[in-house]
Amino acid sequence: MQTLRTSRWMDADLALYRDMVRRFIAAEIDPHQERWRKQQHVDRALWHKAGEFGMLLADIPEEYGGAGGNYAHMAILFEELAAVGDRAFGVHVHAIVAHYLLNQGTEEQKKKYLPKLARGEMIAAIAMTEPGAGSDLQGVRTRAVKDGDSYLINGSKIFISNGYLADLVVVVAKTDPAAGAKGFSLLLVETRDLPGYRVGRILEKLGQKGQDTCELFFDDVRVGADAVLGGVEGRGFAHLMSELPYERIMLAISAQGAIERALQLTVDYASQRKAFGQPLIEMQNTRFKLAEVKAQAVVGRSFVDDCIERMIAGTMDTTTASIAKLWLSETEGRVMDECLQLFGGYGYMLEYPIAQMYADARVQRIYGGTSEIMKEIIARSL
Ligand SMILES: Cc1cc2nc3c(=O)[nH]c(=O)nc-3n(C[C@H](O)[C@H](O)[C@H](O)COP(=O)(O)OP(=O)(O)OC[C@H]3O[C@@H](n4cnc5c(N)ncnc54)[C@H](O)[C@@H]3O)c2cc1C
């Protein structure tokens, strides 16, 4: 198959970096995917190895333990993980937390946590969603109440990616119930041996089975007053709003990677599978379906590349990030469905990657803000 065009933002150094990341993934991730799906989480050792390699916080300045690169380095990692169909390694969420710290944290918080996150000594999660509050985060009920020079946290969170392994959880909590949207803060909670903190069972999901998505419980959990991100109460929502574009572009990149992989896998399969005396790819319906998928892949690639360039330049805006999340995740869902159909019954068998990709793709339209919420945000710009 003719390859999609080379991205404008790539250069010779980044090509070398991509080769290294590809080799790392081939050695340390791809061979373990099936085992991780069964145990429902990756090995902690993977985080240490990825930390040694310098890929965890590739776009964080060196003074904080990062690799001093830019968004292109992270984009390469997300693309290469998508190229092997990995949805277990929660490096995406880890990177988001690092950016909360870098852009919103105090100097002490950055120095304390970023080097540990970079080395994979600490694994990060972000806990916003609760049983009664998902899209509408104003409904968050978890409370953090000032008690002397510490806070007492009570509440529970659900669907938290990296929840089983997380050592550092950024918790969205109400610090002032009377202050409306200004009554929320983000608290940095170190979970190891923390009294009152409990991790529920790893949730059984439709797809992304190697990712440790959990419920978290806080029962009189005590953290220091310095646990408030940025050191000032009431800025939780403002922090969330300013960092969400990073997450949404990441999800768009993963969707684009999955679309390109599905196209390649399906072209290969349709070229060798025969029916009625000819390869499937000779049939007009197959050719037309794959032509449609390729058209969407090429259009998607152009838009994703544009988004990556804006991320590198620091000019990404909320509306564009929401458009990318909406369009790429919706397109991913349609493409997985069309490609699976061309595999016939084999497409329904989990031993065929397309079946896993179909299941893995479904949540892309839900987490990181649902498609409906993306439309709400986009509509505000009309
Ligand atoms: C695998 C997985 C991993 C996740 N990881 C994390 C994580 O790491 N951290 C975290 O905090 N959360 C995480 N989430 C939670 C995820 O972000 C929420 O599930 C999502 O935001 C939707 O919230 P909800 O499930 O409560 O659905 P609801 O908010 O109850 O929505 C239900 C339906 O109503 C629609 N709806 C809601 N409001 C509106 C509106 N105003 N207009 C139109 N339609 C609307 C929604 O679009 C949806 O279709 C994860 C979820 C999953 C499934």
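Select α7 and helix α10 (residues 353-361) in this predicted model. Their axes come within 11 Å and cross at roughly 155 degrees. Here axes are lines fitted to C-alpha atoms, for helices over the stretch in contact, and angles run from 0 to 180 degrees between N-to-C directions. The helices themselves are DSSP runs (H or I, at least four residues), as are strands (E, at least two), and both are numbered from the N terminus. The angle therefore makes α7 roughly antiparallel to α10. That label is for angles over 145 degrees; under 35 counts as roughly parallel, 65 to 115 as roughly perpendicular and the rest as oblique. The crossing of α7 and α10 is left-handed, meaning that the near helix is turned anticlockwise from the far one by less than a right angle (clockwise would be right-handed).

Now show the side chains here. On α7, pick Ala-258, Ala-262, Leu-265 and Thr-266; they meet Pro-353, Ile-354, Met-357 and Ala-361 in α10. Two residues are in contact if their C-beta atoms, placed from the backbone, lie within 7 Å. By type, this contact has seven nonpolar residues, one polar and no charged. Ala, Val, Leu, Ile, Met, Phe, Trp, Tyr, Cys and Pro count as nonpolar, Asp, Glu, Lys and Arg as charged, and the others, Gly among them, as polar.

The axes of α9 and α10 come within 9 Å and cross at roughly 155 degrees. These two helices are therefore roughly antiparallel to each other, and their crossing is left-handed. Which residues make the contact of α9 and α10? On α9 they are Glu-332, Gly-333, Met-336, Asp-337, Cys-339 and Leu-340, and on α10 they are Ile-354, Ala-355, Met-357, Tyr-358 and Ala-361. They divide into eight nonpolar, one polar and two charged.

α7 passes α9 in a left-handed crossing. The contact of α7 with α9 holds 16 nonpolar, six polar and three charged residues.

Colour by domain now: domain 1 (12-122), domain 2 (125-234) and domain 3 (238-379). These bounds come from an automatic or database domain assignment. The centres of domain 1 and domain 3, taken over C-alpha atoms, are separated by 22 Å. Between these domains, 16 residues of domain 1 are in contact with 18 residues of domain 3. On the domain 1 side, select α4 (71-83) and α5 (91-104), the elements that give two or more residues. α4 gives the largest share of that side, seven residues. The residues of the domain 1 side divide into eight nonpolar, six polar and two charged.

Last, zoom out to the whole protein. How many helices and strands does the protein have? There are eleven helices and nine strands. The radius of gyration is 21 Å, close to the 21 Å that the globule rule gives for 382 residues, so the protein is as compact as a globular protein of that length. The radius is taken over C-alpha atoms, and the rule is 2.2 Å times the number of residues to the power 0.38. The C-alpha atoms fill a box of roughly 80 × 45 × 40 Å along the principal axes.

Residues are numbered from 1 along each chain as its sequence is written. In this predicted model, local features need pLDDT of at least 70 and side-chain atom pairs count only at pLDDT 80 or more, while totals for chains, interfaces and linings use all residues.
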